[in-house]
Amino acid sequence: MSLLSQTLARVKPSPTIAITGRARELAAEGRDIISLSAGEPDFDTPAHIREAAKAAIDAGHTRYTAVDGIPELKRAICDKFARENGLDYKPSQVTVGTGGKQILYNALMATLNPGDEVIIPAPYWVSYPDMVLLAGGTPVVIEGAMQNGYRITPEQLEAAITPRTKWVILNSPSNPTGAGYGEDHLRGLADVLMRHPHVWILSDDIYEHLVFDDFRFVTPAQVEPGLKSRTLTMNGVSKAYAMTGWRIGYGAGPEELIRAMAKLQSQSTSNPCSISQYAALAALEGPQDYINESRAVFQRRRDLVVAGLNACPGIDCPVPQGAFYVYPSIAALIGKTSAAGTVIVDDEAFATALLDETGVAVVFGAAFGLSPHFRISYATSDEVLADACARIKRFCEGLR
Ligand SMILES: Cc1ncc(COP(=O)(O)O)c(C=O)c1O
């Protein structure tokens, strides 16, 4: 009898974590490696949030809490939704978990039955399809083409919906493309969803605050209040406040769903870290200056990277509206041979040759369901980004 479950056999480990690990190994061997594969801000958590965590320890907030979040934090989350998104939620419609990742996982595990379909626009965050598979559902991938700003169209959504569709997952701004769905785009999708009342909407808003130029963030339940009773609006403090390690995410939606998610959490991890919950409370209720400061830095880096990549022969890099990723096309490089003799048969071969020959670690597009592309996370210093772009340029110039 096999040790491992059939469920686990259906999923693969996160490819972004695997590539970050490979880059770390090469660096440990003494190679000069630039890793642009990890998806987290490179800033420290703001001081007032760190202080709140220390105060929480000293105040004795070191015990189990309510399973899906302390009441003060749930209240602060309701205030955040009202203030920033014009959404009215009660604390009983809010759940707090160990990162946004657990919120998504809880929602899918609590609702999917075998054969239930989940529509996932590609390119997608690597975890969505595997979480759906773990929960026993079937991912239905639809492609957001580069020519369409990596967004799906209402027609594509309409065509993908079947009687078995349980959820559609929307993520704006997107990991891996940085593409944002503005109000008009969401309106078009919402009109389709209003015609299919059996479909639930999972809106992953984790990059809400990282938006550039004149892009205005909106979330589906705000654009179409008629969808609110079947929407889970998910968010968290990881990306907005440089708190990836603290592991606090949250979701808001109908009470029946929220109760089911809390039941699942009560039999798995129980409450998210008590100290992190007090830190998240300080993040949501305290000064919000960090958000604007980090947004300005990321916008500058985005411009640097987009210009640097578009100067590389064969790379076509659209300008993203948000997050801290770019997702350029390398269609013009497929079939070429690198200076060290590697044939660039696909985007995985490109990423592998780039790492081996220049020391720059990026994630290949196939991991996100749309090829031939690669993803760069520009959450690192201007100097490192300039060095990386120069190395990528030399690599592309060396292709024959
Ligand atoms: C699109 C997207 N959703 C959710 C998450 C989960 O974030 P966390 O679990 O740190 O809150 C991430 C993290 O990389 C992400 O990129």
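1. Two residues are in contact if their C-beta atoms, placed from the backbone, lie within 7 Å. Helices (H or I, at least four residues) and strands (E, at least two) are DSSP runs, numbered from the N terminus. The buried residues of α12 pack against β9 (325-326), β12 (374-377) and α14 (382-397).

2. The model is predicted: local features need pLDDT of at least 70, side-chain atom pairs count only at pLDDT 80 or more, and totals for chains, interfaces and linings use all residues. Residues are numbered from 1 along each chain as its sequence is written.

3. The protein chain contains 14 helices and 12 strands. Its radius of gyration (taken over C-alpha atoms) is 21 Å, close to the 21 Å that the globule rule (2.2 Å times the number of residues to the power 0.38) gives for 400 residues, so the chain is as compact as a globular protein of that length. Along the principal axes, the C-alpha atoms fill a box of roughly 60 × 55 × 55 Å. Among contacts between residues at least 6 apart in sequence, 72% join residues at least 24 apart.

4. A residue is buried if 20 or more other C-beta atoms lie within 10 Å of its own, exposed if 12 or fewer, and partly exposed in between; the C-beta atoms are placed from the backbone. Buried residues make up 50% of the 400 residues in the protein chain.

5. The buried residues of α12 are Tyr290, Ser294, Phe298, Arg301, Arg302, Val305, Val306, Gly308 and Leu309. They cover an arc of only 155° around the axis (the arc of the directions from the helix axis to the C-beta atoms), which puts them on the same side of α12. The face turned away from this buried side carries the exposed residues Asp289, Asn292, Glu293, Ala296 and Ala307.

6. Of the 13 residues around the ligand, Gly99, Gly100, Lys101, Asn175 and Ser238 come nearest; a residue is near a molecule or strand if its C-beta atom, placed from the backbone, lies within 6 Å of it. Helix α5 (residues 99-111) gives the most to this shell, with three residues. The shell divides into two nonpolar, nine polar and two charged residues. Here Ala, Val, Leu, Ile, Met, Phe, Trp, Tyr, Cys and Pro count as nonpolar, Asp, Glu, Lys and Arg as charged, and the others, Gly among them, as polar.

7. Two cis peptide bonds deserve attention. One joins Ser172 and Pro173, with omega about -15°, and another joins Asn175 and Pro176, with omega about 25°. Pro173 is in the loop between β5 (165-171) and α8 (183-194), and Pro176 lies in the loop between β5 and α8.

8. Ser270 has a positive phi of about 60° although it is not a glycine. Ser270 is found in the loop between α10 (255-266) and α11 (274-285), and counts as partly exposed, with 13 C-beta neighbours inside 10 Å. Ala323 also has a positive phi, near 60°, in a residue other than glycine. Ala323 lies in the loop between α12 and β9 and counts as buried, with 30 C-beta neighbours inside 10 Å.
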